[in-house]
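Please read them with the structure open.

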Amino acid sequence: MYDNADLAALIQLNPLVRGFMPWNAGTLKPSAMSFILQQVVLFNLRSAVECGSGISTVFLASSLRSIGGRLICIEHDPAWIERTRSLLASERLSEHVELVHAPLEQMRVGDSEVMWYARASIERLLDSPIDLLLVDGPPAQDPRHRTDRYPAAGFFRPALHTDSLVVLDDVSRSGEAEIVKRWEAEQGLRLRTFEALRLAAGRLGRVGLLY
Ligand SMILES: C[S@@+](CC[C@H](N)C(=O)[O-])C[C@H]1O[C@@H](n2cnc3c(N)ncnc32)[C@H](O)[C@@H]1O
């Protein structure tokens with residue numbers, strides 16, 4: 001599952017965490033994580049929103065701390081909130097992250113029926129500009145939930161600006177690949193798919209990623 005770029009990224013990233021929240025198929029690939037952290041620092045993406053907490057929350061928080069930024073992480077599962085909260089605390093990163101519990105609810109977006117984060121729990125996040133939107137939740141590996149991540153770009157669109165970076169994980173799956181096409185057509189996002197990283201990333205109107 002991991003290639004050489006992942007192994008290099010693991011060596012670079014692993015000293016930061018002490019091993020009790022392991023990398024697995026549910027996490028971003030290490031090389032993808034490393035790519036996102038590079039974008040944060042190079043483009044000074046100080047205000048980040050992440051959908052789907054986990055080990056990525058810790059790495060993002062650490063990078064954001066280094067540039068004086070802040071992370072808001074949306075999570076539907078209270079058990080994962082607690083797990084992430086305790087890992088952040090043990091890494092002394094708590095003050096750089098707000099963990100927001102948003103239960104999943106069924107909703108219709110366009111012609112799609114999906115389970116996504118309850119809007120009432122996250123509406124206030126639209127009040128501030130978002131420099132980085134990382135979409136790695138809700139879980140969508142079950143074919144019945146293959147397009148559950150679709151609402152993210154439309155919902156957060158009012159808080160995005162031309163230099164905001166939007167990242168979608170798991171684009172090797174058909175559901176996320178479809179979401180990439182729909183976000184491009186409907187939201188004006190120009191996304192580039194990085195197959196080796198298993199993610200797509202881009203901005204409104206321009207690509208301009210350093211890699
Ligand atoms: C794709 S995972 C998010 C993973 C996270 N962004 C990361 O890279 O560490 C989607 C959801 O599964 C749960 N989850 C988080 N980390 C997980 C892991 N390592 N294995 C399985 N499920 C995980 C959480 O409820 C999360 O919202």
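1. Which unit do β6, helix α6 and β7 make? This is a predicted model, and in it β6, helix α6 (residues 151–156) and β7 make a β-α-β unit that is right-handed. Strand β6 (residues 130–135) and β7 run parallel and are joined by five bridges, and within this pairing Leu133 has Val166 of β7 as its bridge partner.

2. On the pairing with β9 (residues 199–204), β7 runs antiparallel to that strand, with four bridges between them. Val166 stands opposite Gly202 in β9, and Val166 is also the bridge partner of Leu133.

3. As to burial, strand β7 (residues 160–169) is largely enclosed by the rest of the structure, because seven of its ten residues are buried.

4. Helix α3 (residues 55–66) has twelve residues, which at 1.5 Å a residue should span 16 Å, and its end C-alpha atoms lie 18 Å apart, so the two values agree. Ten of the twelve residues of α3 are buried, so that the helix is mostly covered; among them are Ile55, Val58, Phe59 and Leu60. These buried residues pack against α1 (4–13), α2 (30–42), β1 (47–51), β2 (70–75), α4 (78–90) and β3 (97–101). Just after α3, Gly68 adopts a positive phi of about 75°.

5. Turning to the ligand, 15 residues lie around it, of which Gly26, Gly52, Gly54, Ser56 and Asp136 come nearest. Ser56 is also among the buried residues of α3. By class, the shell around the ligand holds eight polar, four nonpolar and three charged residues.

Conventions:
Residues are numbered from 1 along each chain as its sequence is written. This is a predicted model: local features need pLDDT of at least 70, side-chain atom pairs count only at pLDDT 80 or more; totals for chains, interfaces and linings use all residues. A residue is near a molecule or strand if its C-beta atom, placed from the backbone, lies within 6 Å of it. Ala, Val, Leu, Ile, Met, Phe, Trp, Tyr, Cys and Pro count as nonpolar, Asp, Glu, Lys and Arg as charged, and the others, Gly among them, as polar. A residue is buried if 20 or more other C-beta atoms lie within 10 Å of its own, exposed if 12 or fewer, and partly exposed in between; C-beta atoms are placed from the backbone. Helices (H or I, at least four residues) and strands (E, at least two) are DSSP runs, numbered from the N terminus. Two strands pair if DSSP finds at least two bridges between them. A crossover is right-handed if, with the strands pointing away from the viewer, the path from the first strand over the helix to the second runs clockwise. The expected span of a helix is 1.5 Å times one less than its number of residues. Two residues are in contact if their C-beta atoms, placed from the backbone, lie within 7 Å.
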